[in-house]
Each structure stands twice: as structure tokens, then as C-alpha cells.
Amino acid sequence: MAATLTDTIRIAVSQQDSMVGDIDGNLERALKVFQLNARRHPDTWPVNYGLARIYSAMGEYERALGYLRQAAKEVPEGDSLNAEMIARNTARLERGEDINQ
């Protein structure tokens, strides 16, 4: 049975969450984990949102903004909660603010 988009997103989020727990503030290692997850689960908003958070934490706001904009395109229709969160964080990045603060 093929995985649904919901299954893929659930797997992506689970893998990110479990791997991030072992990172302990090492942003370079975190970036590698998120990049691996992006290769395994391309075009899913939680993966691109995660990359945006890492790049934001690294101070690379323009790059983070690109990933947030991509995530905004991928949020399922009707998911207003996450769409609003992404919109708020997009505005923060546009103002030069870290979305992790």
C-alpha cells in the first residue's frame, strides 16, 4: 500500500523531531539532518519549514525565507493554522528576526 501525503508528512516530522533531539545546539549537524530529510521527503511543508528554522537560527534569513515561501505553497488547503504560522514567520524573517526566538 502506497503512503499517503499525510503518512509522508507524519514520517518527515517524526524523523526530524527524533533526530533533532540528538543535536544539542550543533546547527551544522542539524542542517545535515534536515537536508537528508529533504532528500527523503521532498516537497513537504514540514521539511521545508524545518530547513527555514535551521537557516534562521544560523542567521541566514534570506535562505530561510525561501524555504518558508516553499512551505507556504505546500501546506494543504484548509490547514489555516499552519498557513498562518508560516505567514507570521515569513513576516518576521522579512523584518530580519530569527523565527526561533
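Trainee: What makes Asp 43 exposed?

Mentor: Its relative accessible area is 58%. Exposed means over 50%, buried under 20%, and partly exposed in between, with a 1.4 Å probe and protein chains only. So Asp 43 counts as exposed. This is a predicted model: local features need pLDDT of at least 70, side-chain atom pairs count only at pLDDT 80 or more, and totals for chains, interfaces and linings use all residues. Residues are numbered from 1 along each chain as its sequence is written, and side-chain values use heavy atoms, with hydrogens and water left out.

Trainee: Where is Asp 43?

Mentor: In the loop between α2 (27–40) and α3. Asp 43 has a positive phi of about 60 degrees, although it is not a glycine.

Trainee: How many helices and strands are in the chain?

Mentor: There are 5 helices and 0 strands. Both are DSSP runs, numbered from the N terminus: helices are H or I with at least four residues, strands E with at least two. The pattern along the sequence is α-α-α-α-α.

Trainee: How do you know that the span of helix α5 agrees with its 15 residues?

Mentor: The expected span is 1.5 Å times one less than the number of residues. For residues 80–94 that should be 21 Å, and the end C-alpha atoms are 21 Å apart, so the two agree.

Trainee: Which residues of α5 are buried?

Mentor: Asn 82, Ile 86, Asn 89, Thr 90, Arg 92 and Leu 93.

Trainee: Why are the buried residues of α5 said to line one face?

Mentor: Take the directions from the helix axis to the C-beta atoms. Seen down the axis of α5, the buried residues fall within an arc of 160 degrees, so they line one face. An α-helix has 3.6 residues a turn, so residues three or four places apart point the same way. The face of α5 turned away from the buried side carries exposed Leu 81, Arg 88 and Glu 94.

Trainee: What covers the buried residues of α5?

Mentor: The cover includes α3 (45–57) and α4 (61–74). Trp 45, Tyr 49 and Ser 56 in α3 meet Asn 82, Met 85, Ile 86, Asn 89 and Leu 93 in α5. Contact means heavy atoms within 4.5 Å.

Trainee: How do the axes of α3 and α5 cross?

Mentor: They come within 12 Å and cross at roughly 25 degrees. That makes α3 roughly parallel to α5. Angles under 35 degrees count as roughly parallel, over 145 as roughly antiparallel, 65 to 115 as roughly perpendicular and the rest as oblique.

Methods. Axes fitted to C-alpha atoms, helices over the stretch in contact; angles between N-to-C directions.
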